[in-house]
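The structure is shown first, and the description follows.

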Amino acid sequence: WHRSVSSSSRLEERRMNAIKEYYGLIAAEIHGQGKIFIFGPGEAKRGLRNFLCDHGQSEESIEILENSTSRLSKAQIIARAKAHFHRRSPRIGRIG
């Protein structure tokens, strides 16, 4: 039993390290962006927000769309982002 607990905790540690590495890659890609809009299914939105805040992104610059439970196509993602940023600032030009 002790062996499976230790194996399980090592597996969980590897999983968490992989998630942190993935969030790090995302952070590197969006570094320097003024506003960040996070949406999509699942709980990872909050984990990504927390990671970004822990690594220098201001909490005020991150917005999460909470009730986004379905998978979206690329076109739907672009449309949602355009609609979101257009509402926030009518001066923003074309995206994508």
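## Core and aromatic pairs

I36 touches I30, L52, Q57, S61, I62 and E63, residues up to four places away in sequence not being counted; contact means heavy atoms within 4.5 Å. The model is predicted: local features need pLDDT of at least 70, side-chain atom pairs count only at pLDDT 80 or more, and totals for chains, interfaces and linings use all residues. Residues are numbered from 1 along each chain as its sequence is written, and side-chain values use heavy atoms, with hydrogens and water left out.

The largest nonpolar core comprises 9 residues: Y23, A27, I36, I38, L48, F51, L52, I62 and I64. Such a core is a set of buried Ala, Val, Leu, Ile, Met, Phe, Trp, Tyr and Cys residues joined through side-chain atoms within 4.5 Å, where buried means under 20% relative accessible area (1.4 Å probe, protein chains only). Two or more residues each come from α1 (2-30), β1 (36-38), α2 (44-54) and β2 (62-64); helices (H or I, at least four residues) and strands (E, at least two) are DSSP runs, numbered from the N terminus. The most is given by α2, with 3 residues.

Rings of Phe, Tyr and Trp (its six-membered ring) pair if their centres lie within 6.5 Å; planes under 30 degrees apart count as stacked, over 60 as edge-to-face and the rest as tilted. The count is 2 aromatic pairs.

| Pair | Centre distance | Plane angle | Class |
|---|---|---|---|
| Y23 and F51 | 5.8 Å | 55 degrees | tilted |
| F37 and F39 | 5.0 Å | 40 degrees | tilted |

Y23 in helix α1 and F51 in helix α2 are 28 residues apart.

Methods:
Buried < 20%, exposed > 50% of the residue type's maximum accessible area, 1.4 Å probe, protein only.
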